[in-house]
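Keep the 3D view open as you read.

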Amino acid sequence: MMKNHAIARRVRELEQYAPMHTAQSDLADFWQYTLQQFKDKPLHAQQTKQVTPMKAIESYQVIYEGFDDTPLHGIYVRPADQKGQPIPCIVMFHGYTMNKGYPEDYAHWTAMGYAVFAIDIRGQGGDTGNHLNSDFGMSSGWLSQGLLDKDHFYYRAITVDALKAIEWVAQQADVDHTKIAVYGSSQGGGLALITSALSDIPVIAVANIPNMSHMDFGILNSESSLREAAQLVSRYPEHLDQVLETLSYFDMINLADRIQVPILISCGLKDTVCMPETVYAVYNRIHSEKEMCLYPFDGHMVSPYHQRKTMEFVQKHFG
């Protein structure tokens with residue numbers, strides 16, 4: 001096999017890609033303060049059984065609180081034939097503008113004997129609203145909300161929401177607490193990365209074509225939600241430094257070395273949304289057991305082939 005073709009050269013470049021950290025001096029203090037602030041915040045969770053046409057699935061609507069008093073909506077599904085038995089659970093985060101979907105969307109996971117807790121990201125395409133305050137105007141979308149203040153930034157809110165979803169799962173008597181995974185694609189992949197870095201509950205992570213990575217590069221080059229941050233700076237150029245500083249607290253390039261669990265990451269060489277440079281910048285800084293699934297001819301997508309790869313990865317670690 002040729003070792004010096006264009007694809008191989010491109011992969012070698014990415015494997016050696018090591019841009020500088022963008023972390024502020026108080027990054028560790030910021031996250032220590034954030035985790036402590038929300039550690040004991042009550043979930044106020046409610047759980048209601050749902051009807052689903054699939055008899056093999058037991059489904060529940062879950063409403064809980066995370067960063068603030070916004071009612072966050074999720075669905076919790078389990079194999080119907082394993083009532084009461086503690087089983088592994090996968091916490092699912094969806095892509096930008098999407099939603100948690102229907103219970104039936106997770107039938108392949110329940111068929112493997114796993115539970116799933118899938119949540120709606122606040123304000124986006126699902127049942128969840130958004131009570132987050134904003135002291136400055138926004139560009140289109142949600143990413144620019146609070147972008148000039150790290151304490152009130154949208155990413156801080158959705159990160160805490162995601163951490164609280166994991167906390168809810170860990171409180172369930174019918175979940176095996178030694179086998180909790182985080183899983184997502186695009187925005188959801190970014191949340192899988194940041195929660196696996198900040199929480200000691202997940203024991204494995206799957207981050208498909210993840211965002212929240214190398215965001216100083218992304219805001220300049222990608223077609224992702226970071227375009228919204230670029231739009232804001234285009235209107236208010238005097239805020240460029242502040243925008244980049246705020247993003248740096250949530251950029252996985254600065255948090256990747258905190259990940260200590262086995263992780264599977266995917267990347268498409270033709271992805272113009274979560275670009276290969278942004279994915280590899282983070283992957284190259286992870287020191288735990290890790291695996292990259294690289295697809296030279298894929299854009300911003302998760303193929304059926306890769307879906308199976310993720311199932312095999314989870315099965316390898318959960319059995």
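The lining of the second largest cavity has 5 nonpolar, 5 polar and 1 charged residues. You are looking at a predicted model, in which this cavity has a volume of about 40 Å³.

Across the whole structure, the search turns up 2 cavities of 30 Å³ or more. The largest cavity holds about 70 Å³ of space. Of the 14 residues that line the largest cavity, Asn 211, Met 212, Ser 213, Ser 224 and Leu 226 lie nearest its centre. Sorted by class, the lining of the largest cavity has 7 nonpolar and 7 polar residues, with no charged ones.

Now for the pockets. Here are the volumes of all these spaces side by side:

| Space | Volume |
|---|---|
| Largest pocket | about 500 Å³ |
| Second largest pocket | about 260 Å³ |
| Largest cavity | about 70 Å³ |
| Second largest cavity | about 40 Å³ |

The largest pocket, with a volume of about 500 Å³, is lined by 23 residues, and the closest to its centre are Phe 93, His 94, Gly 95, Asn 99 and Ser 185. The lining of the largest pocket divides into 11 nonpolar, 10 polar and 2 charged residues.

Next, find the second largest pocket, where about 260 Å³ of space lies. Among the residues that line it are Thr 34, Leu 35, Phe 38 and Lys 39, along with Val 160, Leu 163, Lys 164 and Glu 167. Leu 198, Ser 199, Asp 200 and Ile 201 also belong to this lining. Which elements give two or more residues to it? They are α2 and α4. By class, the lining of the second largest pocket has 6 nonpolar, 2 polar and 4 charged residues.

The axes of α2 (residues 27–39) and α4 (residues 154–170) come within 11 Å and cross at roughly 50°. The two helices are therefore oblique to each other, and α2 passes α4 in a right-handed crossing. From α2, the contact takes in Phe 30, Trp 31, Tyr 33, Thr 34, Leu 35, Gln 37, Phe 38 and Lys 39. From α4 come Arg 156, Thr 159, Val 160, Leu 163, Lys 164 and Glu 167. This contact has 7 nonpolar, 3 polar and 4 charged residues.

One more helix pair is worth a look. Helix α1 (residues 6–15) packs with helix α9 (residues 276–283) at an angle of about 50°, and their axes are 9 Å apart. That angle makes α1 oblique to α9. Where do they touch? Arg 10, Leu 14 and Glu 15 in α1 meet Pro 276, Glu 277 and Tyr 280 in α9. The contact of α1 with α9 has 3 nonpolar and 3 charged residues, but no polar ones.

Notes: Residues numbered from 1 in each chain as written. Predicted model: local features only at pLDDT ≥ 70, side-chain atom pairs only at ≥ 80, totals over all residues. Heavy atoms only, no water. Axes fitted to C-alpha atoms, helices over the stretch in contact; angles between N-to-C directions. Helix = DSSP H or I, 4+ residues; strand = E, 2+ residues; numbered from the N terminus. Parallel < 35°, antiparallel > 145°, perpendicular 65-115°, else oblique. Left-handed = near helix turned anticlockwise from the far one by under 90°. Contact = heavy atoms within 4.5 Å. Nonpolar A, V, L, I, M, F, W, Y, C, P; charged D, E, K, R; others polar. 1 Å grid on protein atoms, 1.4 Å probe; cavity = no way out; pocket = protein on both sides within 12 Å on 5 of 7 lines; lining within 4 Å. Points joined across faces, edges and corners; volume = space filled by probe spheres on them.
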